[in-house]
Amino acid sequence: MNKNYLPWIFGIFYLFLLAATWNDRVDVNASGRTILQFWHTYNDDEEKLLKEVIAEWEAQPANSNWAIRPIRIPFDGHKPKIRTALTVGLGPDFARVDWSFVCELARKNACVDLETFGFSKISDQYLSAPLNTNRIDGKYYGLPDQTTCVALFYNKTIFRDANLDPEKPPKTWDEFIETAKKLTNSEKGTYGFGMDNTLWWTLPFFNTFGAKLISDDGKKCLLDSEAAVKALEFKASLFSVHKIEAGAWRAGAISPESGFVNGRYAMIFMGPWNLPKFTNSKLDFGVALIPAGPAGSSSNVGGTNAVIFKSSKNPRPCYDFLTFFTSAEIQARWCKRLNQMPVNRKSYDLFSFDDKNLQVFMEQLKTSVSNPIVTSYEMLEDVVNPEMEAVITGQKTAADALGNASRKVEAKVLSL
Amino acid sequence: MQNTRETTNSLLFLAPFLILFAIFLIFPIGYSFYLSFFGSPRDFSLANLEYVGFANYSNLLGFSVGPTGISLNDPAFWWSLGVTLLYGGLSIPLGITASLALALLLHNKLAGKDFFRSAFFLPNVLDMLVVGVIWGLIYAPKYGALAQVMNFFLGPDQFFNTTGLLANPYTAMPAVVLAMVLKGAGFGMILFLAALQNIPDAVYEAADIDGATHWEQFWHITLPLLRPILFFMVVTGIIGSLNAFTEIYAMTAGGPQVVVAGETLGSTSVVGYYLYKQFEAGRYGYAAAISYVLLALTLMLTFLQQRLFAGKKN
């Protein structure tokens with residue numbers, strides 16, 4: 001008999017629990033502050049510092065109505081996660097996203113034009129290369145919070161073994177080939193260079209040859225220009241003619257990063273994010289500018305930007321926080337503690353870098369050229385990467401491949 | 001009255017499954033069909049999709065006849081169908097042969113046969129992605145197991161060490177097939193073993209008395225009695241090939257590239273992988289159209305198979 005009552009008792013208990021914990025103002029925290037959700041992709045150390053910065057901002061009297069709730073999402077897969085959240089209307093107020101995602105968010109009408117808050121008054125405090133990744137169709141839809149680019153890493157031990165001066169890395173592409181030939185010993189399995197073959201990693205080649213990939217109005221693909229063809233021919237020749245590249249771009253091959261750590265590849269392109277890892281591995285390495293081509297030394301731009309979503313009910317405090325977060329003082333503190341490059345120009349006057357390698361990246365960033373800005377950057381890579389592979393494997397000429405890629409980019413990517 | 005009550009009760013008990021089934025299977029199946037008539041979204045909501053009628057299907061399957069001959073609207077799709085055909089054409093017969101060979105070898109009184117049966121079945125338990133990654137490492141040039149073994153016999157300057165099976169457009173697909181056949185053979189083996197054990201010894205004894213050789217016994221008794229399993233293996237093999245995705249994603253990502261008539265195409269870009277790339281690029285309607293073309297193909301092939309096997313029986 002008693003058993004029949006059991007479900008009822010449980011039912012009433014759960015209803016009671018529901019009533020006791022029900023809160024229809026989920027956007028307000030216990031102390032009555034309105035919550036602003038910030039999705040980010042920082043690592044442990046960065047997140048710790050982020051929380052400190054948030055606490056400082058919230059402590060200011062002007063911000064007493066707001067509470068920022070940082071939510072970490074994995075960097076790999078942050079785009080689909082945000083896309084899905086926006087589709088079902090459950091996106092955050094603002095987020096930190098990869099530089100290549102801003103264009104898609106802006107063109108799909110998902111994020112706020114920062115001019116609404118008078119961004120032009122402060123925009124010139126940011127470094128131009130990372131700032132320009134936010135400039136979509138003439139307007140700024142995000143602001144940079146972290147910036148990177150790639151430079152040339154070289155293994156000093158292998159340099160010494162080949163009787164080369166470890167303090168004199170190659171400065172031009174001609175010197176690079178000469179040096180790499182001396183460093184290559186295919187019988188021992190060591191190579192002068194190990195490279196990736198995606199578009200982003202190929203941008204330093206295109207940029208040092210002065211090739212522009214997309215026209216300023218975003219309507220024409222310029223991949224078939226003479227400069228671009230020469231750049232790709234040069235890149236392919238490192239593998240196929242000079243035999244100084246290990247084939248690191250192939251499926252299943254040792255990646256440039258692992259090959260460098262294991263002493264297989266004497267030189268690679270790499271970003272500052274691996275400086276701590278390489279230093280900890282007791283590797284004797286140096287960092288140099290990307291060798292100069294006809295257009296001098298140049299690199300690509302990486303990093304992340306912060307955007308504010310149109311779905312946010314309170315975009316203004318989000319913007320206020322982001323300008324505070326990227327202000328000269330906070331950036332200086334952030335970058336000193338985490339050994340990163342500030343996005344705010346004024347931060348550079350506030351502290352000096354002890355890390356010589358990081359100084360090279362600062363120097364490199366000055367000549368970095370803004371990346372191609374398109375609605376679907378993944379699709380751009382999907383179209384261009386196979387064509388570049390066909391050139392390296394000798395199945396197509398660079399002119400053929402890039403002509404083909406250019407037509408496909410215009411039909412599939414620029415039409416979006 | 002009793003009947004209605006019983007039906008209601010059964011439905012109530014079935015409800016948890018039925019509700020989940022409806023939400024996560026029936027609804028997406030219907031919704032993706034609906035989506036296949038719409039273009040790519042211009043924003044992130046699925047509410048403002050542009051109705052395009054059969055445009056997705058005609059972009060996918062259509063062709064135009066010009067002065068230079070027939071040109072396909074989406075050559076990459078047809079290529080991926082061809083790659084899938086190659087994948088199925090290699091993996092289904094090889095898979096069946098390997099499963100059957102293992103089953104015949106282990107259908108005896110060999111000492112430790114239980115150990116071998118479990119050992120051969122074990123790769124089936126592992127996830128496809130895990131198996132793919134492991135085989136990727138085995139095939140890898142320079143540090144991979146295969147490269148190391150070949151170095152021992154042939155020295156360092158050979159194909160397995162310099163390029164690797166997965167980096168050459170002509171060897172990548174066979175390499176994937178080999179990995180998948182070895183992964184899947186254990187499952188087929190169990191099915192064949194069960195069927196073999198159901199064949200009465202009396203049939204073989206009668207054949208012995210009639211003077212049939214072992215080969216004749218296999219050809220005229222074993223194989224015909226295994227036909228239902230063969231049919232099952234072929235049908236699931238075809239469906240598996242049309243659905244193939246994980247192994248390609250894990251091992252080759254559709255590459256390496258091969259140039260055919262001026263077009264750069266992925267030598268292992270099977271249709272399931274091609275579909276995924278469309279979906280990833282946000283072309284939901286187009287991806288949905290591909291999945292429905294695949295469904296039609298699967299149904300057609302299964303129907304043909306059924307007719308073919310049924311015909312043989314009569």
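Colleague: What share of the 314 residues in chain B is buried, and what makes a residue count as buried?

Modeller: The buried share of chain B is 31% of its 314 residues. A residue is called buried if 20 or more other C-beta atoms, placed from the backbone, lie within 10 Å of its own; with 12 or fewer it's exposed, and in between it's partly exposed. Bear in mind that this is a predicted model: local features need pLDDT of at least 70, side-chain atom pairs count only at pLDDT 80 or more, and totals for chains, interfaces and linings use all residues. Residues are numbered from 1 along each chain as its sequence is written, while chains are lettered from A and ligands numbered from 1 in the order in which they are written.

Colleague: How many helices and strands does chain B have, and what makes something a helix or a strand?

Modeller: Chain B has 14 helices and four strands. Both are DSSP runs, numbered from the N terminus: a helix is H or I with at least four residues, a strand is E with at least two. The C-alpha atoms of chain B fill a box of roughly 80 × 75 × 40 Å along the principal axes.

Colleague: Why do you say that H10(B) lies largely in the open?

Modeller: None of its 12 residues is buried, so H10(B) is largely in the open.

Colleague: What makes E1(B) and E2(B) a pair?

Modeller: Two strands pair if DSSP finds at least two bridges between them. E1 (63-66) and E2 (69-72) of chain B have four bridges and run antiparallel, so by that rule they pair. They form a hairpin with two residues between them, and B:Gly66 stands opposite B:Gly69.

Colleague: Which strands stand at the edges of the open sheet in chain A, and why?

Modeller: The order there is E8-E9-E7-E10, with mixed pairing. E8 (191-194) and E10 (285-288) of chain A each have a single partner strand, so one side of each lacks a neighbour in the sheet.

Colleague: How many residues of chain A are in contact with chain B, and what counts as contact?

Modeller: Two residues are in contact if their C-beta atoms, placed from the backbone, lie within 7 Å. By that test, 24 residues of chain A touch 29 of chain B. H3 (78-87) and H16 (377-392) of chain A each supply at least two residues of chain A's side, and H16(A) gives the largest share, seven residues.

Colleague: Which elements do the buried residues of H17(A) pack against?

Modeller: H9 (226-240) and H16 of chain A, together with E4 (263-266) of chain B. Among the buried residues of H17(A), residues 398-413, are A:Leu402, A:Lys408 and A:Val413.

Colleague: What are the bounds of the two domains in chain B, and how are they known?

Modeller: Domain 1 is 2-70 and domain 2 is 74-313; such bounds come from an automatic or database domain assignment. Their C-alpha centres lie 30 Å apart, and the contact takes 14 residues from domain 1 of chain B and 13 from domain 2 of chain B. On the domain 1 side, H1 (2-35) and H2 (55-61) of chain B each supply at least two residues, with the largest share, five residues, from H2(B).
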